[in-house]
Amino acid sequence: MTNLVAGISRYLIILLITIYTYYNFRFFSMKDEEGRNRAVRRQLICMFMLHFLANLVIFLNTDSRLLAAFYCAQLLFFAGYLSLYRLFYRNVSRLLLNNTCMLLCTSFIMLTRLNPNRAIRQFVIAALAAAVTLVIPFVIDRVWQLASIPWLYAALGLTLLLAVFFSGDTSYGARLSLHVGGFSVQPSEFVKISFVFFIAAMFYRSSTFKNVVLTTAAAALHVLLLTASKDLGGALIYFIAYLAMLFVATSNTIYLGLGLGGGAGASVMAYRLFPHVRRRVDAWTDPWKDVADSGYQTAQALFAIGTGGWFGVGLYQGMPEKIPVVDKDFLFAAVAEELGGLYALCLLLICLGCFLQFMLLAFRLQAMFYKQLAVGLGTVYITQVFLTIGGVTKFIPLTGVTLPFVSYGGSSMFATFIIFGVIQGLYILKENEEEDDEEG
Amino acid sequence: MKKDNAGQKADRSILLFSYFVSALFLSMAVYMGVFIETRGEEVTNHPYNARLASLADRVVRGSILGNDGTVLARTVTDEEGNETREYPFGSLFAHVVGYAAPGKTGLESYANFYLLSSHDSLSHRIMKELSDEKQTGDNVVTTLDVGLQQIASDALGDRRGAVIAMEPDTGKILAMVSKPSFDPNRAEDDWQELTGGDSTEARLLNRATQGVYPPGSTFKIITALEYMREHPGEYSSCQFDCSGIYLYQSYQIQCFKRTAHGNEDFAEAFANSCNGAFAKLGPELDLEAYGNLCVQLLFNRELPIAIPYSKSIFRMSPQAESWEILQTVIGQGGTLITPMHNLMIISAIANGGILMNPYFIDHVENAGGQTIKKFMPSVYGELMVANEAHALTELLTEVVLEGTGSAVRTEAYQAAGKTGSAEFDKAKETHAWFVGFAPVENPKIAVCVIVEEGGSGGSTAAPIARKLFDAYLLP
């Protein structure tokens, strides 16, 4: 009986996320307020049904009352978060809000299935982050000095990165985290944001050659510090965000060419210098050659994706626990295995949808500082998504980056909430401004 | 409000960037989709993938059937729900069908995914689900011909060796026997004994695909092909006078049993399997081209077959010394070949130079007998051009009509083939080889026989091939 319910839910869940994703893109071609509201409402219905079905399967498989209670707590959280945001800010981007919830919902489902304790921990952090970051749009709206303190951002960021370099803990060969009062924090997740603020504020001042050189030097210092801590995935994300912002600020293809050339050169250097980079590139070109050793991670991820096929094997029917670091870097593979390749593809499209919303907003914003913020944060976000999903599916070599909002990890969760909070702030700012224009 | 110039430029850059990222993500999505669609089954079935084993908790392993539906392997569940894998033919199909425990070999391993997948009708599946029963796995229908397999096994008898038969124009494997064999019903119980024992026994080894042997005179096919390539139009007129022993520099090459073949032309030397005549060709050959031909014919390369196999080895370099050349061209020296590979070469000749990918599974069907997946013949590639294949076929026909292959000479059909008596240890009898096909006009079956320490190919191996030809071609 359990299998029957699970079997039917499997297809329903895929249908629901497909409808959800459809509205995510259909939304953009809708002009009238009425239709848009209907689209986001339907998305929410899909999300809550999907959430229910998945948790039903979880309950049938585990028979755990604790997890049933956990489901109710999640329901309360989603309902509270959605309504509070709309209560405080009339002009919030409902689409982005839905996407936040959908990604979190996927995360909670998969983590509960993999490791309930971690899921609950993740949930607590998410709830906390959601509550704290609720204030961000308010700050963006009122504190206009944000654009005038670039060197404060740089000093803050560099200090944190230096601290990690000197006293950080090592995991998987990279120095990533600091211990603060019993908690392990990954500063580079947060410095990403201060980094984007720094560059946006610098380019807002001017995009003269001298200023570009100065900005580049400070940005390069960030990247070098990360490289020194062997956080190459992080270094790459910072670098790409910097390039995108430089390109938008100057529209100068020579700078872009120089940057890309420099990036390519640095990649070759990294390949030569770091044995673990070489290992990963080798595992990428042919993971089957050395399945038991260097190709192990990639091969396990591909086994999961391949065995799951389009429709997945269903929750609790696969073996995602065979994949190393499955709840962090490889969560996408676990989703593909149990919830299905189609679900995973929808997830990929939802992430892309978030990015496109960021860019659309950047397009609409007039103030250069805000425009740059949207572009920078969007790039940080989408690069991270690209590196994870690309690495897991063997589209590119593995970098060991987590999927924002979905993978397990407190710092990443908190930082992503801040990024989405800032974007919501900018969106609300723009909507309010347009409303005022219409009234005035 | 009008945007300023910098703003407009920035917007264009944002647009460009968004297009770029979207294109990147769409390619990634397509990449993943293509992977799931084209590689999914393969990685699912990968020996390192632990996931398949868990399917056995929910699906009763399907049966493996012969090409006429005869059961070769099935799972029987007793009243208490204990499952046993049964092999009704005992040791007959032990190597090709393999066993499912301990570990999996042969088709049991290769078809694992199909056997553990269930495409039973929806109503059956729901019924079983509701009554909490396991689903019925799909059945795999092989290309194996039970009658032919029995004949091949009987003909080989208690001798060590292998017999394989295949349809040259499709690649269907009709029979595959390896001896000594074992009873897969008792593989788990007899495990100690099977893995112990002395090395000549090696019961678990599938000699047909994993045994490597010196090719002996069957290799003259390749030497002949190289010589024909280097001397188009004139090779047939070359003459040789055989006295039973051929002297070259300080070396001597003997014919089998020191038989003096007298004066002979190229076709006669091939039909007589004259070592002297072929050894004489050796030093004249372009060794670089000869090595390339061997690689083209799949030496030192992966073979397109689904069950475990060994690679054949050709190791003579273009700088080789005289003695190595003299030995290598007559199939001795360091060259090693698997019977399966030898069969593939002879099949390509039978099929006008085109090698078909050998395959074992005709189709997969669900418990109700509906076809779920059909396997079609597929071309591996052209090993030689059609003219060369036809010229070789003429030579091989002469072997049967006038030479060492007289055991397969009959009025009923015209066979073609080559014998071989491969020396591997001076103190022991030679391995007896025969590769061939029939009927020459329209080949329906190609056969490879090896009998370890069987003596001469003509008197030991060819008669076994004859039994297969007769059984398959005569009403």
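Two strands are said to pair if DSSP finds at least two bridges between them, and strands themselves are DSSP runs of E with at least two residues, just as helices are runs of H or I with at least four residues, numbered from the N terminus. The model shown is predicted, so local features need pLDDT of at least 70 and side-chain atom pairs count only at pLDDT 80 or more, whereas totals for chains, interfaces and linings use all residues. Residues are numbered from 1 along each chain as its sequence is written, while chains are lettered from A and ligands numbered from 1 in the order in which they are written.

**View 1. Strand β14 of chain B and its two partners.** Strand β6 (residues 139-142) of chain B pairs with β14(B) in the antiparallel sense over four bridges, and B:Ile361 of β14(B) is the bridge partner of B:Thr142. Strand β15 (residues 371-374) of chain B also runs antiparallel to β14(B), to which three bridges join it, with B:Val364 standing opposite B:Lys373 of β15(B). The hairpin of β14(B) and β15(B) has five residues between the strands, and B:Gly369 takes a positive phi near 90° there. Because four of the five residues of β14(B) (residues 361-365) are buried, this strand is largely enclosed by the rest of the structure; a residue is buried if 20 or more other C-beta atoms, placed from the backbone, lie within 10 Å of its own.

**View 2. Helix α8 of chain A against helix α16 of chain A.** The axes of α8(A) (residues 187-205) and α16(A) (residues 368-392) come within 9 Å and cross at roughly 145°, where axes are lines fitted to C-alpha atoms over the stretch in contact and angles run from 0 to 180 degrees between N-to-C directions. Residues in contact, meaning that their C-beta atoms, placed from the backbone, lie within 7 Å, include A:Val196 and A:Ala200 of α8(A) and A:Leu373 and A:Leu377 of α16(A). By class, this contact has twelve nonpolar, two polar and one charged residues. Helix α8(A) is mostly covered, with 16 of its 19 residues buried.

**View 3. The side of chain B that touches chain A.** The contact takes 34 residues from chain B and 38 residues from chain A. On the side of chain B, the elements giving two or more residues are α1 (5-44), α2 (51-55) and α6 (122-130), and the largest share, 24 residues, comes from α1(B).

Conventions:
Two residues are in contact if their C-beta atoms, placed from the backbone, lie within 7 Å. Ala, Val, Leu, Ile, Met, Phe, Trp, Tyr, Cys and Pro count as nonpolar, Asp, Glu, Lys and Arg as charged, and the others, Gly among them, as polar. A residue is buried if 20 or more other C-beta atoms lie within 10 Å of its own, exposed if 12 or fewer, and partly exposed in between; C-beta atoms are placed from the backbone.
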